[in-house]
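I opened this notebook page to record what I looked up on backbone angles and aromatic rings.

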Amino acid sequence: EKYGEKETESDEFGFIVFVSCSPEAKKGMLPPMITLNDYNIESFGDFSDLSTKIRNIRELDLTDNLMSDWSEVAEILLSFKSLTFLNLSNNLLNETFDNNSNQIKEKLDNAILPMNKLVLNGNNVNWTTVVY
């Protein structure tokens, strides 16, 4: 209450504010490692307008969120061109692809992905789903 009305747990902001004094931020880019744990993130949306700002992100940690759609995961992989590490632990991913699975596979098959570490602990995903 010191700076205004008392916030309740039901207040939702709908966006994440990032503040940094790193050399990357001074150039208008985000730093190479981003951690967004437990923000109730369900989807990431369109990154086309941010492509220059996210081009140097190599590690993205989205542990303890609400990601459940494999097409969202594919969009992250395709949008973050330098991504080598993605942590999706404790999200809501399951082992079955939806009706868009062929489109997802085609997009990923035609992409050059530097990804070498994908963490899916705490999801209901088996190995055959990951290695399609």
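Entry on the source. I worked from a predicted model, in which local features need pLDDT of at least 70, side-chain atom pairs count only at pLDDT 80 or more, and totals for chains, interfaces and linings use all residues. Residues are numbered from 1 along each chain as its sequence is written, and side-chain values use heavy atoms, with hydrogens and water left out.

Entry on asparagines. I looked up asparagine 40 and found a positive phi of about 60 degrees, although the residue is not a glycine. Asparagine 40 sits in the loop between strand 1 (33–35) and helix 2 (51–54); helices (H or I, at least four residues) and strands (E, at least two) are DSSP runs, numbered from the N terminus. Asparagine 40 counts as exposed because its relative accessibility is 51%; exposed means over 50% relative accessible area, buried under 20% and partly exposed in between (1.4 Å probe, protein chains only). Asparagine 90 also has a positive phi, near 55 degrees, and lies in the loop between strand 3 (85–87) and helix 4 (101–109).

Entry on aromatic rings. I noted three aromatic pairs in the structure; rings of Phe, Tyr and Trp (its six-membered ring) pair if their centres lie within 6.5 Å, and planes under 30 degrees apart count as stacked, over 60 as edge-to-face and the rest as tilted. Among them is the edge-to-face pair of phenylalanine 44 and phenylalanine 80, at 6.4 Å centre to centre and 75 degrees between the planes. Phenylalanine 47 and phenylalanine 80 are also edge-to-face, at 5.0 Å and 65 degrees. Both phenylalanine 47 and phenylalanine 80 are buried. I recorded Phe44, Phe47 and Phe80 as one aromatic cluster.
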